[in-house]
Amino acid sequence: MPIYEYLCSQCQLRFELMRPMSRASEDAPCPQGHPDARRVPSAVAAFGRSEDGSPVSLGGENGCASCSATSCSTCGV
């Protein structure tokens, strides 16, 4: 089942929710109790390996920006 991101218009909480694709566009209840959170685009990062085996970004956002590891080899990228 896919995971979707939602944003609550009342408290601005951004949260994830696992639901069937058939219900992805429906508003969702916020964990804080507000009824009408709307689905928002999710940020993704994609990585591959260069010819020398080092990690290289294939597109999307820089996934390493929020990583606390000191080397990509420790996080498996």
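Guide: Accessible areas here come from the Shrake-Rupley method with a 1.4 Å probe. The model is a predicted one.

Visitor: What share of the accessible surface of the protein chain belongs to carbon and sulfur atoms?

Guide: Take the total for the protein chain, about 5600 Å² of accessible surface. The part of it that belongs to carbon and sulfur atoms is 52%.

Visitor: Which pattern does the protein chain follow along the sequence?

Guide: Count the elements: there is one helix, and there are five strands. Their order along the sequence gives β-β-β-β-β-α.

Visitor: What percentage of the residues count as buried?

Guide: A residue is buried when its relative accessible area is under 20%. The protein chain has 77 residues, and the share that counts as buried is 17%.

Visitor: Is Cys 8 buried or exposed?

Guide: Cys 8 sits in strand β1. Its contacts beyond four places in sequence are Leu 13, Cys 30, His 34 and Ala 37. The relative accessibility of Cys 8 is 1%, so this residue counts as buried.

Visitor: How far apart are the C-alpha atoms of Cys 8 and Arg 39?

Guide: Along the chain, Cys 8 and Arg 39 are 31 residues apart.

Visitor: How is the aromatic pair of Tyr 6 and Phe 15 arranged: stacked or edge-to-face?

Guide: The structure has one aromatic pair. The ring centres of Tyr 6 and Phe 15 lie 5.9 Å apart, and the planes make 20 degrees. Planes under 30 degrees apart meet the stacking cut-off. The pair is therefore stacked.

Visitor: What is the relative accessible area of Phe 15?

Guide: Look at the partners of Phe 15 beyond four places in sequence: Tyr 4, Glu 5, Tyr 6, Ala 28, Pro 29, Cys 30, Pro 31 and Ala 37. Its ring partner Tyr 6 is buried at 0% relative accessibility. Phe 15 is buried too, with a relative accessible area of 10%.

Visitor: Is Arg 19 buried or exposed?

Guide: Arg 19 lies in the loop between β2 and β3. Beyond its neighbours within four places, Arg 19 is in contact with Met 1, Pro 2, Tyr 4, Tyr 6, Glu 26, Asp 27 and Ala 28. At 4% relative accessibility, the cut-off places Arg 19 among residues that count as buried.

Visitor: How far is Arg 19 from Tyr 4, C-alpha to C-alpha?

Guide: The two residues are 15 apart in sequence. Between the C-alpha atoms of Arg 19 and Tyr 4, the distance in space is 7.5 Å.

Visitor: Which residue forms a salt bridge with Arg 14?

Guide: The whole structure contains three salt bridges. In the one with Arg 14, the closest N and O atoms are 2.7 Å apart. Arg 14 is partly exposed at 46%. Its partner, buried at 16% relative accessibility, is Glu 5.

Visitor: How far apart are the closest N and O atoms of Arg 23 and Glu 26?

Guide: Arg 23 is partly exposed at 36% relative accessibility. Glu 26 is also partly exposed, at 36%. The closest N and O atoms in their salt bridge are separated by 3.1 Å.

Visitor: How many residues apart in sequence are the parts that Arg 38 and Asp 27 tie together?

Guide: The side chains of Arg 38 and Asp 27 meet in a salt bridge of 3.0 Å, N to O. Arg 38 is in strand β3 (residues 37-40) and Asp 27 in the loop between β2 and β3, so the parts tied together are apart in sequence by 11 residues.

Visitor: What accessible area does the nonpolar patch of Met 1, Ile 3 and Met 18 have together?

Guide: Met 18 belongs to strand β2 (residues 14-18). Met 18 counts as exposed at 52% relative accessibility. With Met 1 and Ile 3, Met 18 forms a surface patch whose accessible area together is about 360 Å².

Technical notes:
Residues numbered from 1 in each chain as written. Predicted model: local features only at pLDDT ≥ 70, side-chain atom pairs only at ≥ 80, totals over all residues. Heavy atoms only, no water. Contact = heavy atoms within 4.5 Å. Patch = residues over 30% accessible without salt bridge, like charges linked within 9 Å, V, L, I, M, F, W, Y side chains within 5 Å. Salt bridge = Lys/Arg side-chain N within 4 Å of Asp/Glu carboxyl O. Helix = DSSP H or I, 4+ residues; strand = E, 2+ residues; numbered from the N terminus. Buried < 20%, exposed > 50% of the residue type's maximum accessible area, 1.4 Å probe, protein only. Phe/Tyr/Trp six-rings, centres within 6.5 Å; stacked < 30°, edge-to-face > 60°.
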